[in-house]
Amino acid sequence: MFRIGVDVGGTGIQFGVLDEKLNIMSEYSIPTVTSDPFSNQVGRIVDGVLAVTAQAGLSKDKISSVGVGIPGIANQNTGEVIFCTNMGWSHVPFGEEFRQRLDIPVRIENDANVAALAESVAGISKGTSSSVFITIGTGIGSGIIINGKIWGGAHGIGGELGHVIFDLNGYPCTCGNHGCLERYCSATALIRMAREAIARHPDTLMLKMVSNDITKVEARTVIDAAREEDPLAVEVYATYIDYLAQAVANIVNLLDPEVIVIGGGVSKAGSFLIDPLRRRYTKYVLYNDQTMPKIKLAVCGAKAGIIGAAMLS
Ligand SMILES: [Zn+2]
């Protein structure tokens with residue numbers, strides 16, 4: 001039998017058929033159309049599932065399950081999507097709509113949880129029973145794996161590292177609170193920190209790298225300038241690493257997993273991110289003379305969404 005993984009994103013929806021050895025046999029994608037009514041959006045996803053099945057040369061009775069990863073949260077028992085801002089979904093019966101169209105078991109799950117599962121079955125945390133995955137991009141996503149399974153909480157709303165409060169009087173967050181961790185640890189945060197620093201000290205390589213247009217400063221600008229040892233970039237980057245180290249230490253103090261996996265856009269910095277993070281985080285861990293979790297870079301990349309979603313059931 002074969003499984004299908006669906007990765008729903010704000011701009012596109014990816015589909016993949018996996019065989020029993022987790023090889024992706026066939027891939028297919030469609031653009032996301034958020035202006036469509038909800039039931040039409042589900043219809044397009046079902047059509048995509050059928051298209052990728054046909055493309056793999058299979059009939060639908062060879063598909064044992066479909067897993068769907070979304071940038072939001074869902075109730076595992078009912079298949080209801082509670083919240084998915086990018087798609088414009090709020091309290092919609094995704095599982096029910098899907099099943100009315102296609103008689104194949106379907107599971108729906110948060111995309112960071114899906115990526116965490118992908119890394120634990122086919123990626124860098126394979127073979128471990130506990131891991132935490134952190135994806136660092138525009139925001140902070142996270143997924144917890146315990147005993148080889150996603151831990152999304154008793155009510156499906158757990159594992160939200162990005163909205164753990166870091167600074168009570170801190171920066172406002174998109175969620176309505178102040179000082180959430182993602183305001184300090186995301187790529188967006190690194191960019192904000194760099195722009196604030198540049199406004200105070202414009203004599204920096206970072207500004208030269210963007211032809212003096214501060215609005216063009218990206219996370220990569222800071223990382224590249226820090227590699228070149230530009231003093232201001234080094235200072236901003238060190239502060240950023242320190243925030244990330246505190247985030248990692250919080251995970252260790254709470255869960256003490258075997259591995260903490262770092263993915264997302266900022267993780268492209270590779271050892272320039274992970275090495276100082278490894279050195280720094282133990283400073284903030286309570287029992288830091290004990291064995292510490294390993295910090296590793298994610299390896300599944302863009303395929304994590306398909307692989308992890310296919311492994312949901
Ligand atoms: Zn928040």
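**View 1. The zinc ion sits in a tetrahedral site, with angles of 104 to 119° among its 4 donor atoms.** Four donors count as tetrahedral if all angles lie between 85 and 135 degrees. The ligands are His163 (ND1), Cys173 (SG), Cys175 (SG) and Cys180 (SG), at 2.0 to 2.3 Å; donors are N, O and S atoms within 2.8 Å of the metal (3.2 Å for Na, K and Ca). Along the sequence the donor residues follow the spacing H-x9-C-x1-C-x4-C.

The model is predicted, with local features needing pLDDT of at least 70 and side-chain atom pairs counting only at pLDDT 80 or more, while totals for chains, interfaces and linings use all residues. Residues are numbered from 1 along each chain as its sequence is written, and side-chain values use heavy atoms, without hydrogens and water.

**View 2. Helix H1 (residues 38-55) and helix H2 (residues 94-101) have axes that come within 10 Å and cross at roughly 55°.** H1 is therefore oblique to H2 (angles under 35 degrees count as roughly parallel, over 145 as roughly antiparallel, 65 to 115 as roughly perpendicular and the rest as oblique). Phe38, Ser39, Val42, Gly43, Ile45, Val46 and Val49 of H1 meet Phe94, Glu97, Phe98 and Arg101 of H2; contact means heavy atoms within 4.5 Å. These contact residues comprise 7 nonpolar, 2 polar and 2 charged.

**View 3. The axes of helix H7 (residues 219-227) and helix H8 (residues 231-255) cross at roughly 115° and come within 8 Å.** Val222, Ile223, Ala225 and Ala226 of H7 make the contact with Ala233, Val234, Val236 and Tyr237 of H8. The contact has 8 nonpolar residues, no polar and no charged ones.

Technical notes:
Axes fitted to C-alpha atoms, helices over the stretch in contact; angles between N-to-C directions. Helix = DSSP H or I, 4+ residues; strand = E, 2+ residues; numbered from the N terminus. Nonpolar A, V, L, I, M, F, W, Y, C, P; charged D, E, K, R; others polar. Tetrahedral: all angles 85-135°; square planar, octahedral: opposite > 155°, others 65-115°.
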